[in-house]
Amino acid sequence: MVKNRQATAIRFCSVLLSIVWLCAAPARAEDAQGVQRMYVLYCGESETKDVSIWSPGVDVGKPREFSDSCYLIHHDKGWMLWESGISDAVADKPDGVVAGGGILTLRVQKTLQSQLHELAIAPADIKYLGFSHFHGDHVGNANLFTEATLYIQQAEYDAAFGSEPAKFNFNPALYEKLRATPIVILQGDHDVFGDGSVTIYSTPGHTPGHQSLLIRLPKTGPVLLSGDAVHFQENWENRRVPARNFNKEQSLASMEKLAAILEREHATLWINHDKPQTDTLPHAPDFVE
Ligand SMILES: [Zn+2]
């Protein structure tokens, strides 16, 4: 009888415990839906002796440093990488590499591969891949990610993989391996995961098929990644268009489009090459949620 009562008590307790456990158990990260976190990766840096190439008529002859970021997004459907920065090969050159016909010196202090390795992520783990555009400081490590599906605008695809990439200042050697990967060619805005968590926005002008990315982070809220639709805060505030952009009218229209998205979504604009802003962001292995 005592034994029975004990057994009943134990059973009651274990049932109670499992109810408590079920109620108290936090949702495991891998069970969560949508985007859970995003890493900002250092993807090199650059400097110019004359920033007015980006702001015609303003700050003529003044030097400026630019940041270069990549963004690694953890979605329950898989890892997405947005931008791949300056080539890791530049890390071997202590004086950096001169690019853009002499307007920029590129440097890499820490490779993209070493940062992924620190996070225990292999390049083959990246399943979704996108670039704001195909200039060398954004697709520098593109050839690493041959297991991913590439999301690219039709106009950028035609320029980058067509017969005259040099006309658009593209260097196919940096991204040639992506020819053989699955490619989703876009004709405008696109909801990547179909759940509204990550949206590609067509923002042409800097290049023919430039695009920007909106990520809805669970705690931080919506963040809009500019790409090179704008290069730094002063240019954003004054709607300045760099002299070498592919199309000035498109560039201005794309800035207005981004401004409308920011207002509608109550989003924050993260400008890829704005070093003062980039310096304030947490970098991998830290992340934003
Ligand atoms: Zn660019």
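Biologist: Which residue in strand 7 stands opposite Gly130?

Modeller: Tyr151 does. Keep in mind that this is a predicted model: local features need pLDDT of at least 70, side-chain atom pairs count only at pLDDT 80 or more, and totals for chains, interfaces and linings use all residues. Residue numbers start from 1 along each chain as its sequence is written.

Biologist: How many bridges link strand 6 and strand 7, and in which sense do they pair?

Modeller: Strands are DSSP runs (E, at least two residues), helices likewise (H or I, at least four), numbered from the N terminus. Two strands pair if DSSP finds at least two bridges between them. Here, strand 6 and strand 7 (residues 149–153) share three bridges, in the parallel sense. Strand 6 is also joined to strand 3 (residues 78–82), with four bridges, and these two run parallel. There, Met80 has Tyr128 of strand 6 as its bridge partner.

Biologist: Is strand 6 mostly covered or uncovered?

Modeller: Mostly covered: of the five residues in strand 6 (126–130), four are buried (20 or more other C-beta atoms within 10 Å of its own, C-beta atoms being placed from the backbone).

Biologist: In what order do the strands of the open sheet come?

Modeller: 9-10-11-12-13, five strands with mixed pairing. Strand 9 (190–191) and strand 13 (268–270) are the edges, each pairing on one side only. Helix 5 (residues 248–265) packs on this sheet and touches strands 10, 11, 12 (221–225) and 13; touching is contact, with C-beta atoms within 7 Å.

Biologist: How do strand 10 and strand 11 run?

Modeller: Antiparallel, with five bridges joining strand 10 (residues 198–202) to strand 11 (residues 211–217). Look for Ser202 opposite Gln211.

Key:
Two residues are in contact if their C-beta atoms, placed from the backbone, lie within 7 Å. Axes are lines fitted to C-alpha atoms, for helices over the stretch in contact, and angles run from 0 to 180 degrees between N-to-C directions. A residue is buried if 20 or more other C-beta atoms lie within 10 Å of its own, exposed if 12 or fewer, and partly exposed in between; C-beta atoms are placed from the backbone.
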